[in-house]
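Reader: Hi! I'm new to this one, could you walk me through it?
Author: Happy to, let's have a look together.

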Amino acid sequence: MPTRRTAQDHGGWPDLPGDTALTIHVPEADPLVRTPSRAHITLLYPFLPLARITPEADDDLRALFAATPPLPLTFSEVRRWPGVLYLAPTPDDALRTLTKSLRERWPEAVPYRGIFGDEGLDPHLTLASGAGTDDIPETEFTGALPLHARVESVKLIATEGAGTGWRDLRTYQLGAAGY
């Protein structure tokens, strides 16, 4: 049985070669984001290693997301964790349900490698993170709120490791009956 990789094994919060994630792009928030990535909500990171994205896994993902109708989300509040400034989506129950369904089907995919416990973090859209983030006033973002988005798809993304960025692999449509 393979050993579960942890953040401590790799010096913090690593992106390892072949890591994948399931994310929701929120283009309406792109102008607000101060990180190198586009505006997104992570459903599950890391997901399965790239080598385990088989046709069967792909079919299971397609079916799971097809059974979920498109999601209207509103972002009306800027919140903080130490070193992170983020928007909390409302309602977030459908996002939590999707993550729970993914975890039930693939229990080996532990959110954030277990750094934040087996359940991971609350659904969120990161605006800024890292050094200096705690000094950014929330008022720099509140003028653009509330922000409304309609989520119609989930992206499977992959990386070749730290510093290489992420690339889109597949897009799964929500509510795609008869996919």
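**A chat about charged pairs and a helix**

Author: Let's start with Arg 79, which is partly exposed, with a relative accessible area of 34%. Keep in mind that this is a predicted model.

Reader: Which residue does Arg 79 form a salt bridge with?
Author: With Glu 77; their closest N and O atoms are 3.2 Å apart. Glu 77 counts as partly exposed too, at 39% relative accessibility.

Reader: And how many salt bridges does the structure hold?
Author: It holds 15 salt bridges. One of them joins Arg 34 and Glu 140, with the closest N and O atoms 2.3 Å apart. That pair links distant parts of the chain, since Arg 34 is in the loop between β1 and β2 while Glu 140 is in helix α3, 106 residues apart.

Reader: Which residues are linked in a network of salt bridges?
Author: Arg 38, Lys 155 and Asp 168. Within that group, Asp 168 and Arg 38 have their closest N and O atoms 2.4 Å apart.

Reader: Changing topic: which residues of α2 are buried?
Author: Leu 95, Leu 98, Thr 99, Leu 102 and Arg 103. They sit on the same side of α2 because they cover an arc of only 135 degrees around the axis.

Reader: What covers them?
Author: The cover includes β1, β2, α1, β3 and β4.

Reader: And which exposed residues are on the face turned away?
Author: Lys 100 and Glu 104 are carried there.

Notes:
Residues numbered from 1 in each chain as written. Predicted model: local features only at pLDDT ≥ 70, side-chain atom pairs only at ≥ 80, totals over all residues. Heavy atoms only, no water. Buried < 20%, exposed > 50% of the residue type's maximum accessible area, 1.4 Å probe, protein only. Helix = DSSP H or I, 4+ residues; strand = E, 2+ residues; numbered from the N terminus. Arc of directions from axis to C-beta. Contact = heavy atoms within 4.5 Å. Salt bridge = Lys/Arg side-chain N within 4 Å of Asp/Glu carboxyl O.
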